[in-house]
Amino acid sequence: MHYPQFTCPPLGGGILIAIVAITHVVIAHYAVGAGIFLAVTQTLARRRGDELLLRFLRDQAKFLVLFSFVAGVVTGVGIWFCISLVSPQATSALIHQFAWGWAAEWCFFLLEIIAGYVYYYGWDRLTGRQHLAVAWIYAVSAYLSLVLINGIISFMLTPGGWNQVIANPDYDGDLAFWTGLLNPSFWPSVLLRTISCLALAGIFVAIIVNLSRSYRRGERRRIINHASWFLVPLGLMVPLAVWYFLTLPQEARSLPLGDAIAMTLFLAFGLVSSVLIGGYAYFALVRNRRDITLETALLLLGVAVIATGSMEFVREGIRKPYVIYSHLYSNQIPATDEWRQRLESEGVLAHARFARPPTVSLEDLPDLPLHVQGRYVFNAECRACHEIGGTNDIVPLIGEAPRAWLDETLRHLHDIKYYMPPFLGTEQERRALVEYQYRLAHPQEFETPTAGGANVPDAD
Amino acid sequence: MPTELPIPPPDPLGLPAPAAVFVVLMHVTFLLHVLFMNGTLGGMLIACELNAMALAGHRPSNRLARLLHQAIPVSTSMAITFGVAPLLFVQVLYGQFFYTAFALMGPTWLAALGALLVGFYAIYLIAYYGSNALLNKAGAWDDRPGRRLFISCIATVLLLGIAWVFTQNHVLSLHPNRWAMGDEWKIGRLFVGAPMSLPRYIHNVVGAVAVAGMWIVALGWWRRRRGLDQADTARFTIRLGLWIVTVLAGLQVVMGPVLLFSLDRGVRSEVFGFDTLGGAIWTVTLFTALPVQLAGAVQGIRQPLRGRWSLLAAGGMLVTVIGMVCAHEQVRVSYLAALEHAHAPGQTEPVVRTQPVAMIVFASCFVLALIVLPVILRWITRLPTTERAPASGTPEP
């Protein structure tokens, strides 16, 4: 509300975040899983004197550096950029509430990156014990980085008692931090992400070993069979997902369980895909010791990416109408009673300075046509999600609706559609928004004839 | 023009520690970021020149370019990693200015992100087709400086573009009176148009090359001390690095005052002089460390294998960069303080809600990193005997 509204037509901010976030999640989960894979496999290989696995780990390390340390790091910065652009108020809240959490996570990120490089460049320089120690340092720091980030991300959906803590004007900063970080969905979410990390690591092993021409068929199969154990925990996705859903607020839980059919389908895709991959890994790769080709490995990766994307989509979707549950709406307007009263008495345009042009002061507003005022209200309340002519276009949603219907809908927006934030503003602002929306949906009624006979839309 | 400056209020959740704590952390991490970022940007600019000289048949330049291309991927990774922390602390301290400028730059940031991804892979492309340090064998592009030059120029242009975006965002965050463009909040800025916009960028790029010159000196010494380079090779590397330091730091003697005079008058007096702590640190380093750095570099050019001159130049440069970091922050503090006095008294004061336990957890993680990192870095810097240079008599590659 307080910041300029970044839009990304025709995609929309939400889709932009989704593209960058899903890409990053897949790479970052792989980086964490690959760390555990490296450490565990190197420990076993050293104990058994398995030269083949050690040789493969060297290839894996090169892939890790080229893939995770470039694309993963850049998309990690990218997701931060994107959320800062699309949801600056929410990003600010997460940064300020969890500054020490982010800072601690950065320490592990630093350790992870440097340990990763030392591991990669250390094959001919470090002793066996040193190299193994570095593998474990990489694995542990990458995993702890995931744990901390998971706390902050899961907080957005299930802040638990955090909203009650900060409702007290003299609240304890530490209490707010730990209540938010160790929120109700923290543990199931950590476990779900851990399984996802391990599975992605296993799938990427199959891709890397197929990409390299230095392995004979039997060698390749042995490496894949070893890695397939990392896919088996996918079978636990369903009970963990049940645990996860039990920690969610009732309204959020009901969306994927029938109230929003798109969410239901995405959840089903995510869970079924995960279980199928886990089942395939156990029965085909572990028990029957089958080989898989590059094409099959890429197919598995595609299914895993769809599963990850589906689960992330569900997690983001069921958070609506909030971006931080019960604290901040997805249009960046605070979801507190105090702000509701302020906006209903002072108006949203008194606070959303970037919603109206720089040259238009508050005093100028009453002199402007109603639909122009409405356009500014639209900028403040709706444009975060609805881009005219782009994703989630408001015009087809309005359809042929008359003014009375639009007004009634705005009055009870949140009650009619739970995932929509309520309209918060003065009566005048609501009337202005109705007029603007009506004109958007009925442009033909407001066209004025020109001297040459052609019609042009009424200028704002 | 806007009727009032639209500065958003500070985040209501406040600061989780006194601002001074974050200011210190921001300075420390920003210093590390600057050192590596300059190594990357300046290193790529120097590598382009070396590749061009190699194309003309200059063999020592070819060798040094290959070495630089081996080091720059790690330097880039470190620049990004060390850049994350100051980016966090800037948002904690100055979020309302940062996010607004960020949103107004908008698509420019997305372009910078794409440029970073492509540029980073271009940097790795040259490294992987060049000498393979891991396998200790010649790479496919070792005798193809033309290809290296082409790719390194692309990567360098992308890095220069990213530096431009960062500089303009910082300048925009200090100038709320430039947030409006005419009668609109134009999103997708590329040039802020403040007096300091261009001088600041040029100052940053020139400084980056100077710091990269010192990294080349360090590279020369590191290889010499480990017996990887013979005396002639080390002499060439160290002398070239010190030449770059001398010329570029000398150029900063001209660019510095240009940047200083592009600042608002009130800010200038706080950055240069003894009115503020940041200004005092900068002023003292300017008149002590910079001359020491230049003197060390000039002497080092005459006697490149005398370690004391390189050490003097490096020490002088490090202190100068520390002073620069303090001056950089003082410019921000002075601009924002002037804004507060003029337009929104008291508005920029956020509440402080300390989180002592969370802070201790962070401090423990930080100490853990400080203990672990030197150990594993010491392991990796020990070289296997196979990489040592022959005692004597082998010609330059």
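Student: Are α1(A) and α8(A) roughly parallel or roughly perpendicular to each other?

Tutor: A word on the source before the reply: this is a predicted model, in which local features need pLDDT of at least 70 and side-chain atom pairs count only at pLDDT 80 or more, while totals for chains, interfaces and linings use all residues. Residues are numbered from 1 along each chain as its sequence is written, and chains are lettered from A and ligands numbered from 1 in the order in which they are written. Helices (H or I, at least four residues) and strands (E, at least two) are DSSP runs, numbered from the N terminus. An axis is a line fitted to C-alpha atoms, for helices over the stretch in contact, and angles run from 0 to 180 degrees between N-to-C directions; under 35 degrees counts as roughly parallel, over 145 as roughly antiparallel, 65 to 115 as roughly perpendicular and the rest as oblique. Here helix α1 (residues 13-48) of chain A packs against helix α8 (residues 186-211) of chain A at about 80 degrees, with the axes 7 Å apart, and α1(A) and α8(A) are therefore roughly perpendicular to each other.

Student: Which residues in α1(A) and α8(A) meet?

Tutor: Contact means that the C-beta atoms of two residues, placed from the backbone, lie within 7 Å. On the α1(A) side the residues include A:Tyr30, A:Ile36 and A:Phe37, and on the α8(A) side they include A:Arg193, A:Leu200 and A:Phe204. Twelve residues of this contact are nonpolar, three polar and one charged, where Ala, Val, Leu, Ile, Met, Phe, Trp, Tyr, Cys and Pro count as nonpolar, Asp, Glu, Lys and Arg as charged, and the others, Gly among them, as polar.

Student: How many residues of chain B are in contact with chain A?

Tutor: From chain B 58 residues are in contact with 55 residues of chain A. Two or more residues come from each of α2 (59-105), α3 (107-129) and α10 (356-381) of chain B, and α2(B) gives the most, with 15 residues. By class, this side of chain B has 43 nonpolar, ten polar and five charged residues.

Student: How is chain B built and divided?

Tutor: Chain B has ten helices and zero strands. Its radius of gyration, taken over C-alpha atoms, is 23 Å, close to the 21 Å that the globule rule (2.2 Å times the number of residues to the power 0.38) gives for 397 residues, so chain B is as compact as a globular protein of that length. Its domain bounds come from an automatic or database domain assignment, which divides chain B into domain 1 (16-179 + 190-194) and domain 2 (218-351). The C-alpha centres of these two domains lie 19 Å apart, and their contact takes 13 residues from domain 1 and twelve residues from domain 2. On the domain 1 side, the largest share, six residues, comes from α1(B).

Student: Where does pLDDT stay under 50?

Tutor: pLDDT is the predictor's confidence in each residue, from 0 to 100. In chain A it stays under 50 over residues 451-460, although the mean pLDDT of that chain is 91. In chain B pLDDT stays under 50 over residues 388-397, and the mean for chain B is 89. The model scores ipTM 0.91 and pTM 0.92.
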